[in-house]
Amino acid sequence: MPIHEQSLIRPENLKTHDELVMDGVDVSGHWSTFIESRVVTDYNEAMQDEIAALPGGEHIHRCWQCGSCTNSCTVNAINPDFNPRYWIYLARMGMESELLRDKDIIWQCVSCNKCTYACPRDVVPEGVMKAMSHWLELKGHTPMSPSMHFDEVFADQVIERGKIEESRVMQRFFKRTGQPLFQDWFVEMVKQMLRHLPVGMLARMGLASVLAPSTSGWSRARDAIREYADEQHGKHRRALGLDNLIETAKQDAGAPARS
Ligand code: SF4
Ligand code: SF4
């Protein structure tokens, strides 16, 4: 019989035959439409734990699939394929290959946090979306997103100097993401600043962009923050089994294993 709600099934999972006779019965046309078996064999049983180990993903286990996050989501209203509830379900079930089908849109979360306020279980879906994007990058499924580049450039400068100097952050961000410095919106913003900001402030900003001042006595704090950040990165990599993967790749390439 014809399949109702066929639109809910992915086209690649539908099999049809223009002409087909089975046991002497002609089942050509839509009578021969079959749905591919949905047996999943490549579970990642550690997937929930891997995402929970990354910042923002800590409460993923609390989700009870009510769908309030997706119902309230800003991006879902524009693109129904953006579905935080469904992705959380896939991660909890360990269905990695299914999640990877949507890997190119998960990063599109705009951090409006509507889902966070709607969630009755304090899952913090916005944080889970961030953790998932980070997980996709660390696992090599997606390239590093521009927002992740920006976070790194921003954090590097805070750790290095204990201060933020915006023009340096923007310069480094543009360079890392291969963008030209003199973009229309940027030039317009600088013009507006020159027009409207007090001369003293402009002079201080210009000086700071050349001299890149640090917070006084910052070096001890810098070392402690670096140590903590390295510790956290190591923890995240271990949680995702990335160090083991690198060791295996080295051994495959004939390099000596780490003791
Ligand atoms: S924070 Fe992200 S996932 Fe949550 S409602 Fe906003 S766009 Fe959707
Ligand atoms: S609102 Fe919270 S509990 Fe409900 S599906 Fe979304 S994350 Fe899960």
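Mentor: Let's go through the labels one by one.

Mentor: This is a predicted model, where local features need pLDDT of at least 70, side-chain atom pairs count only at pLDDT 80 or more, and totals for chains, interfaces and linings use all residues. Residues are numbered from 1 along each chain as its sequence is written, while chains are lettered from A and ligands numbered from 1 in the order in which they are written.

Trainee: Why are H4 and H7 called oblique to each other?

Mentor: Helices here are DSSP runs (H or I, at least four residues), numbered from the N terminus. The axes of H4 and helix H7 (residues 125-138) cross at roughly 60° and come within 11 Å. Axes are lines fitted to C-alpha atoms, for helices over the stretch in contact, with angles from 0 to 180 degrees between N-to-C directions. Under 35 degrees counts as roughly parallel, over 145 as roughly antiparallel, 65 to 115 as roughly perpendicular and the rest as oblique. Roughly 60° falls in the rest, so H4 and H7 are oblique.

Trainee: Which residues make that contact?

Mentor: Pro-84, Trp-87, Ile-88 and Ala-91 of H4 meet Pro-125, Val-128, Met-129 and Met-132 of H7; contact means C-beta atoms, placed from the backbone, within 7 Å.

Trainee: What makes the residues of this contact nonpolar, polar or charged?

Mentor: Ala, Val, Leu, Ile, Met, Phe, Trp, Tyr, Cys and Pro count as nonpolar, Asp, Glu, Lys and Arg as charged, and the others, Gly among them, as polar. By that list, the contact of H4 with H7 has eight nonpolar, no polar and no charged residues.

Trainee: How do you know which residues are near ligand 2?

Mentor: Near means that the C-beta atom, placed from the backbone, lies within 6 Å. For ligand 2 there are 15 residues, the closest being Cys-63, Cys-66, Cys-69, Cys-119 and Val-123. Helix H2 (68-72) and helix H4 (84-93) each give two or more residues to this shell.

Trainee: Which residues come nearest to ligand 1?

Mentor: Cys-73, Cys-109, Cys-112, Cys-115 and Glu-126, out of 15 around ligand 1. H7 gives the largest share of that shell, three residues.

Conventions. Contact = placed C-beta atoms within 7 Å.
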